[in-house]
Amino acid sequence: MLLPSISVINDYALHVLYDDFVGGVQLSVELCGYKEERYVAMLDAVLWCIIISIGIQWPGGSSRRLMVATLNMLVHMEEGDGGACSHRGGVVVDGYEWIFRDSKNGDKFLKDRKYGWLVIKNLIHMLASEFESFLEAIARKIHAPLETLEVVDRTQDMLDNALAGKISIIQTIGLSLIIPYIIYVCSLALTVVYPRLVTGIATVISYGGTIGIMSLVSKSAITLLERYRMWGALSVLSDYLMDLSKFVVLATVLSLVFVPPSRGVEAAITFGSLLLDVCMYIMDQPALEVGG
Amino acid sequence: MIFSSNGFAFILVGDDMVREVALWLILIHLLVGITLDLHALHNDAVSAEHRVRGGVEVLPPGQYVSRWSVPDASNGYTLGFRIDVVEEGDREYSRIFDFGIMVVEKGDGRQGVHVYPHSVDPISGINYSIPISFTKLLGSNATTSDAWRASWGGGLSDGFTEYEIKGRVHGGGVLYLVDEKHAFINGTLTFDDWEPGKYYIIVWAVDEYGNARIVAYDL
């Protein structure tokens, strides 16, 4: 009579081979389990998962299933073992996945003060291609050489050099909103105090600039990230734009506190708010900094 | 900054309540424009993310040990091994980009190191490095050196790269790219002062999307 046998293989947290006769049929069961960090698409996160591979072999046939579970949920199942437990030597101590384009690296990419110039460059390319076709059309009409195009290239190079390593993508978007906004608000205040044609024109132009420039820069960033297939960065950017929207609403509604008090109190609140902006900048909270 | 610049505007306007209310109402008008624009841009970013995610994959290359002779006194504490690397995705850039090996000694040393693929990211042209965390893999710091590390690096000799490990651990082998989806690392390493749990081998592999798998193997 053949006795059932159990073999334990020390290459995974759990790896057991069990052979037995059941109803006169020889069955071999292999069970293998271990933990591993895997990207779980439905939760968009890299999580610790339990990987379990179960194989059953009987005369004339076999079956094997691979199951991946996390947070008490079965997130993946497939036939075969997907290579999960195929080796029996070299004990795996631990392993993890690192994904260049995921949200964690995307956040780093957006905040890294090396890549803001890429958005500017992309924007200039987008605008320059329009400008170049316009110049080409004029040059063809007057049969002039296209030396002007070199000026466009030189301007791009100068901007690349000036901005390289000094600004992040998030800061670029933030500044594209805040600079025209400050010009708009100040010219608006002057228009309210001194209703002249010049201040009125400045207000109207800066109103267009406030919305137009941020829109152009953000679209340029989105185009660039899409071209680079940075899905994680796009996800972080969409959250940032939503946060920015909330903070802009909050900042504007809260500005009602400036209506009743005297100039001195207004100045004190403004100074305190500026200090908070500096803190947010140091804490690397761009949406709060722009809103604050 | 928006709140602060609003503050400056109110200081400029002065203490005239009617003017201040008028200013605030105009600011609310601008707020509507900015908010609508930000929502449209948010939607653009979400759509772009969906388009990109539909075309990329996030499966790092798998690693499988196909040969492993445990070092012991009978073989002079020599490890013989072969680890296969298999790309698991089937999209445009689902190709093995680079892979490598390092020997580490558990204990003092650093929390981790960075390894650099042989070239810039083929999609964006941006340089990146892959963090290898010893504390994550082994639960403690570890020591390694340039003489204990090797990577395929683009295949120095027609698809393969011979490597040599020097020092207390010595030996060598080959990092071989069989085709764009298959590669292997083999070798023989001799340990002058082998002890159980002292040395580990870490193998990393990355595909052209930048999906990397890092695995530590106990000897």
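Contact here means heavy atoms within 4.5 Å. With that in hand, welcome to a predicted model in which helix 5 of chain A meets helix 2 of chain B, and in which B:Ile132 is among the residues that touch the most other members of the largest nonpolar core.

**The core and B:Ile132**
- Leaving aside residues up to four places away in sequence, B:Ile132 touches A:Tyr96 from chain A, along with B:Met102, B:Gln111, B:Gly112, B:Val113, B:Val115, B:Leu137, B:Ile202, B:Trp204 and B:Ile214.
- The largest nonpolar core has 85 residues, and those touching the most other members also include A:Phe109, A:Leu237 and B:Ile130.
- Helix 4 of chain A (residues 169-193) gives the largest share of this core, 12 residues.
- Because domain 1 (2-55) and domain 2 (62-218) of chain B both contribute residues, this core lies between them.
- Another core, of 29 residues, lies apart from it and includes B:Ala150, B:Trp152, B:Leu175 and B:Leu219.

**Where the two helices meet**
- On the chain A side the contact includes A:Tyr207, A:Met214 and A:Glu226, while B:His29, B:Leu41 and B:Val52 are among the residues on the chain B side.

**A buried glutamate**
- B:Glu49 also sits in helix 2 of chain B, and it counts as buried because its relative accessibility is 9%.
- Not counting residues up to four places away in sequence, B:Glu49 touches A:Trp231, A:Leu234, A:Ser235 and A:Ser238.

How values were computed:
Residues numbered from 1 in each chain as written. Chains lettered and ligands numbered in written order. Predicted model: local features only at pLDDT ≥ 70, side-chain atom pairs only at ≥ 80, totals over all residues. Heavy atoms only, no water. Helix = DSSP H or I, 4+ residues; strand = E, 2+ residues; numbered from the N terminus. Buried < 20%, exposed > 50% of the residue type's maximum accessible area, 1.4 Å probe, protein only. Core = buried A, V, L, I, M, F, W, Y, C linked by side-chain atoms within 4.5 Å. Domains from an automatic or database assignment.
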